[in-house]
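Let's walk through this structure together, one feature at a time. Keep the model open beside the text and look up each residue as it comes up.

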Amino acid sequence: MTVNSGERHSQNMEQTVNDLIQESKLLEAYYNDIVAKESVLHRLYEESHNSYNGLIELSQESETISLVPLGIGVYVKSAIYPVERVLVNIGAGVVIEKKKDDAINFVEQRIKEFELATKQLSSQKQQISHRLMEIQNTVNSYMSQMQNGNESSHSHSHDSSTHSH
């Protein structure tokens, strides 16, 4: 009965280890997804800061000389006439005209949203890392117990065989 109970305990530990490994794989995939999202957020954050600085630099009184991107790293110098209103993409391809100050406020709000989202993703990454460490420690503990259990069962079988001779 003890052997049967020991085998059942070993099977339960093995099943638990397998479940923890599966959970670990899912968490790692989720972690990688968060890292990818962080990368996109970082790019959007930088772009927002550049837009903010660009809007601040635009003058309402005089011409501003600027570089205008044509694509793949090609720029042309351009004169931007005094600006009172700008066009702002508010999402889903919808572009509206806004006063310069309203556009600056819009960009500031987007920057705050990106900062909050970055903090949330960072917190999620930290929670996942913590859980992955817990899983690793638990798996290591179970593996150690299972090894010790196997070693003791081998030593018992060796002892009984030496006694029978």
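Start with E23 and R131, whose side chains meet in a salt bridge with 2.9 Å from N to O. The term stands for a side-chain nitrogen of Lys or Arg within 4 Å of a carboxyl oxygen of Asp or Glu. This pair links distant parts of the chain, with E23 in helix α1 and R131 in helix α2, 108 residues apart. Helices (H or I, at least four residues) and strands (E, at least two) are DSSP runs, numbered from the N terminus. E23 is partly exposed, with a relative accessible area of 28%, and R131 is partly exposed as well, at 27%. Here, buried means under 20% relative accessible area, exposed means over 50%, and partly exposed lies in between, using a 1.4 Å probe and protein chains only. E23 and R131 also belong to a network of salt bridges that takes in E134.

A word on what you are viewing: this is a predicted model, in which local features need pLDDT of at least 70 and side-chain atom pairs count only at pLDDT 80 or more, while totals for chains, interfaces and linings use all residues. Residues are numbered from 1 along each chain as its sequence is written, and side-chain values use heavy atoms, with hydrogens and water left out.

How many salt bridges are there by this rule? The count comes to 7. One of them joins the side chains of E47 and R43, at 3.8 Å from N to O. Both residues lie in helix α1, 4 residues apart, about one turn of the helix. E47 is partly exposed at 46%, and R43 is partly exposed at 48%. In another salt bridge, E97 and R85 bring their closest N and O atoms to 2.6 Å apart. That pair again links distant parts of the chain: E97 sits in strand β4 (residues 94-99) and R85 in strand β3 (residues 85-91), 12 residues apart.

Now turn to the nonpolar residues. In soluble globular proteins, nonpolar side chains tend to be buried together. A nonpolar core is a set of buried Ala, Val, Leu, Ile, Met, Phe, Trp, Tyr and Cys residues joined through side-chain atoms within 4.5 Å. The largest one has 13 residues, and L27, I128, I135 and V139 have the most contacts inside it. The elements giving two or more residues to this core are α1 (2-57) and α2 (100-164), with α2 providing the largest share, 7 residues. Apart from this core lies another, of 9 residues, among them V83, V86, V88 and A103.

Look next at the strands β1 and β2, which pair in the antiparallel sense over 7 bridges; strands count as paired if DSSP finds at least two bridges between them. They form a hairpin with 2 residues between them, and I72 in the turn has a positive phi of about 40°. V68 in strand β1 stands opposite V76 in β2.

V68 is partly exposed, at 32%. Strands β1 (64-71) and β2 (74-80) each supply at least two residues of the patch.
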